[in-house]
Amino acid sequence: MCAAHRKSVRFDDIGKIEAPQICALPGVLDNISRDGCKVRFPFSVVVDLENEYELKVTPAQKAGENIHEPFTVLCRPRWVRDESGTTEIGFSILHSPEYNRVVSYIESLAEEENLAVENQIAGTVCRFA
């Protein structure tokens, strides 16, 4: 989930990222929060840390539900890491017209995670001596 130094909870997730300003081929969403996301491209790409980019996010989780339809966000890269021919980019999410969709999506991920934890706990019994 998230590191202690983050402003908001970051959820591991997967999805397709379309960023035509960066690359004609899609990338992969690794994780997302209200404030940012990490994207991975399976090849080397070049980004300008001073530019803003539109990312179209198509979440893969629970495909078919309206909350998981594509949304577009305006982002600014904060860091870039190239390793073995792949590129990871950490983006800050800026105010975007579809930001409310980001928030709804994050809330659905939080609910799914809480349900998963509750289902794990439901079968256990605590006994005190």
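Residues are numbered from 1 along each chain as its sequence is written, and side-chain values use heavy atoms, with hydrogens and water left out. Because the model is predicted, local features need pLDDT of at least 70 and side-chain atom pairs count only at pLDDT 80 or more, whereas totals for chains, interfaces and linings use all residues.

Six strands close into a barrel in the order 1-2-3-6-5-4, with antiparallel pairing. Strands are DSSP runs of E of at least two residues, helices are runs of H or I of at least four, and both are numbered from the N terminus. Two strands pair if DSSP finds at least two bridges between them. From one strand to the next, the twist averages 45°; axes are lines fitted to C-alpha atoms, for helices over the stretch in contact, and angles run from 0 to 180 degrees between N-to-C directions. Strand 1 (residues 11-18) and strand 2 (residues 27-32) run antiparallel and are joined by five bridges. Ile17 stands opposite Gly27 in strand 2.

Eight salt bridges are counted, a salt bridge being a side-chain nitrogen of Lys or Arg within 4 Å of a carboxyl oxygen of Asp or Glu. One of them joins Glu52 and Arg76, at 3.1 Å from N to O. This pair links distant parts of the chain, with Glu52 in the loop between strand 3 (36-41) and strand 4 (53-59) and Arg76 in strand 5, 24 residues apart. Glu52 is partly exposed at a relative accessible area of 36%, and Arg76 is partly exposed at 23%. Here buried means under 20% relative accessible area, exposed over 50%, and partly exposed in between (1.4 Å probe, protein chains only).

Asp30, Lys38, Arg40, Arg81 and Glu88 are linked in a network of salt bridges. Within this group, the side chains of Asp30 and Lys38 meet at 4.0 Å, N to O, and both residues are buried. Glu88 and Arg81 form a salt bridge at 3.2 Å, N to O; Arg81 is partly exposed, with 38% relative accessibility.

The disulfide count is zero, where a disulfide is a pair of cysteine sulfur atoms within 2.5 Å. Cys75 is in no disulfide, and the nearest cysteine sulfur, that of Cys37, is 4.8 Å away. Cys75 is buried, at a relative accessible area of 0%. Cys23 is also buried, at 16%.

Two aromatic pairs are found in the whole structure. Rings of Phe, Tyr and Trp (its six-membered ring) pair if their centres lie within 6.5 Å; planes under 30 degrees apart count as stacked, over 60 as edge-to-face and the rest as tilted. The ring centres of Phe41 and Phe43 are 6.1 Å apart and the planes are at 45°, so this pair is tilted. Phe41 is buried at 0% relative accessible area, whereas Phe43 is partly exposed at 22%. The pair of Phe71 and Tyr105 is also tilted, because the planes are at 50°, with ring centres 5.9 Å apart. Phe71 lies in strand 5 and Tyr105 in helix 1 (residues 99-122), 34 residues apart. Both Phe71 and Tyr105 are buried.

Leu74 is found in strand 5 (residues 71-83) and is partly exposed, at 25% relative accessibility. Not counting residues up to four places away in sequence, Leu74 touches Glu52, Tyr53, Glu54, Ser92, Ile93, Leu94, His95 and Ser96, contact meaning heavy atoms within 4.5 Å. The C-alpha atoms of Leu74 and Tyr99 are separated by 8.9 Å, the two residues being 25 residues apart along the chain.
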